[in-house]
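Please open the model in a viewer and keep the selection panel at hand.

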Amino acid sequence: MTLYRPEAFERLTETPWDEARARDRIRGVVADADAAWRGPSLFWKAHDWDGWHGTSPMKNLYVGSAGVLWGLDQLRRRGQAETALDVAELAVRNLELFRKRPDYLKIAAYPPPEPRDSSLFLGEAGILLVTWRLAPGSELADDLYERVRANASNEAEEVFWGAPGSLIAAHAMYRWTNDERWRTAWDQLAEALLARRGDDGLWTQHLYRQEYESLTPPHGLTGIVRALLPLLGDTQARRLQRESAAILADSAQREDGVANWPPRPRPDLAGPDGEIRLQWCAGAPGIVTAAADYLDEDLLLAGAELAWRAGPHGEEKGPNICHGTAGNGHAFLKAFERTGDERWLDRARRFAMHALEQVDRMQSRYSLFTGGIGTALYAADCIEARAQYPILDYV
């Protein structure tokens, strides 16, 4: 059995963990983002993959300016680096640009689900959330509230477009404001989402004219459960965790002490395109990272071990937190958090050094999930020995 594609990965750097060097490179990533900013109308030039059939600059949370601004603010709040940009002012401007020229794909084969503006990762809701965080205002909160409430019946059962993403936004706003309307909105979203859960414990995804079930953090079970757990009642949460752990145990593909998961529940590891993935957005690193609280420990360690044996991603995927080296490294941080075994923290830090070197030698990308900013946040997590994946674990 083949659990991953060895040719997609490269030899791990010989560079040992060096906290001072990691801190310096984090500051370098921020300085590079500052220097690459092109002004209040152009922001950052979108990489070809990030802006595929979209617009440049991209403005959204996933691959656009909102994610970069959020990341810069997070690094500042954590004392890791200081940006020279006024992130609050730019967040407001970014929202204005999005409303003039939305980022949505201009290709008929990928119609966005409705209401598209309620999307956390790809629509206006995520941009509003970041803007409120950086430049709080009642009008922004009201606009976001309407986007969140409108998303209860979205057929895209995933954190990118659907109600699970709105749960994350509502939870964040409830924590920041203590305004009960956000808790009420969260409860209504959760009730609607749980009512659509199938008898098999999964949700059926309706997206881009396809219908399917998924296990992945961005598009399926583990991401949905992650969004539900923070405010769900204890009894219901334990049952959801127990049933989801059983699904993940049944769908895992195991071999020689390691494990991987298909993106969709099936015997075959390969996705619809025939590729076997080992990354955050599909495969063991994402399952381990999103389900670390309830996944059987032997499976959690088997999934993390496969990511370690495979090594860092090669140039095709790069250093990023979505489908790259840093994303896989988050599985090691979760294994360390779950077990307390320092070996996993050491492995995460080795991957951080490699990912930062990849940022230096590859084309710069200015986004949270596919660029240097997310990689810098991962390196900061390794310095602080914390296991929190951006947006799904904290906003």
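A search of the whole structure finds zero disulfides, a disulfide being a pair of cysteine sulfur atoms within 2.5 Å. The model is predicted, so local features need pLDDT of at least 70 and side-chain atom pairs count only at pLDDT 80 or more, while totals for chains, interfaces and linings use all residues. Residues are numbered from 1 along each chain as its sequence is written, and side-chain values use heavy atoms, with hydrogens and water left out.

**First stop: the cysteines**

Select C281 and C322. C281 counts as buried, with 15% relative accessibility; buried means under 20% relative accessible area, exposed over 50%, and partly exposed in between, using a 1.4 Å probe and protein chains only.

Next, select C382. This residue is in no disulfide either, and the nearest cysteine sulfur, in C322, is 18 Å away. C382 is buried, at 0% relative accessibility.

**Second stop: a helix pair**

Select residues 325-339, helix α12, and residues 372-384, helix α14. Helices here are DSSP runs of H or I with at least four residues, strands are runs of E with at least two, and both are numbered from the N terminus. The two helices pack at an angle of about 20°, their axes 10 Å apart. Axes are lines fitted to C-alpha atoms, for helices over the stretch in contact, and angles run from 0 to 180 degrees between N-to-C directions. α12 and α14 are therefore roughly parallel, the term for angles under 35 degrees.

Which residues meet across α12 and α14? A326, G329, H330 and L333 come from α12, and T375, Y378, D381 and C382 from α14; contact means heavy atoms within 4.5 Å.

Select D381, located in α14. Its relative accessible area is 0%, which means that D381 is buried. Beyond its neighbours within four places in sequence, D381 is in contact with R78, H330, L333, R386 and Q388.

Then select T375, also placed in α14 and buried at 1% relative accessibility. Residues up to four places away in sequence aside, T375 touches P319, N320, I321, A326, A355, L356 and V359.

**Last stop: a hairpin**

Select residues 204-207, strand β1, and residues 210-213, strand β2, which pair in the antiparallel sense over four bridges; pairing requires at least two bridges found by DSSP. H206 has E211 in β2 as its bridge partner. Two residues lie between the strands of this hairpin, and Y208 in the turn has a positive phi of about 55°.

Technical notes. Parallel < 35°, antiparallel > 145°, perpendicular 65-115°, else oblique.
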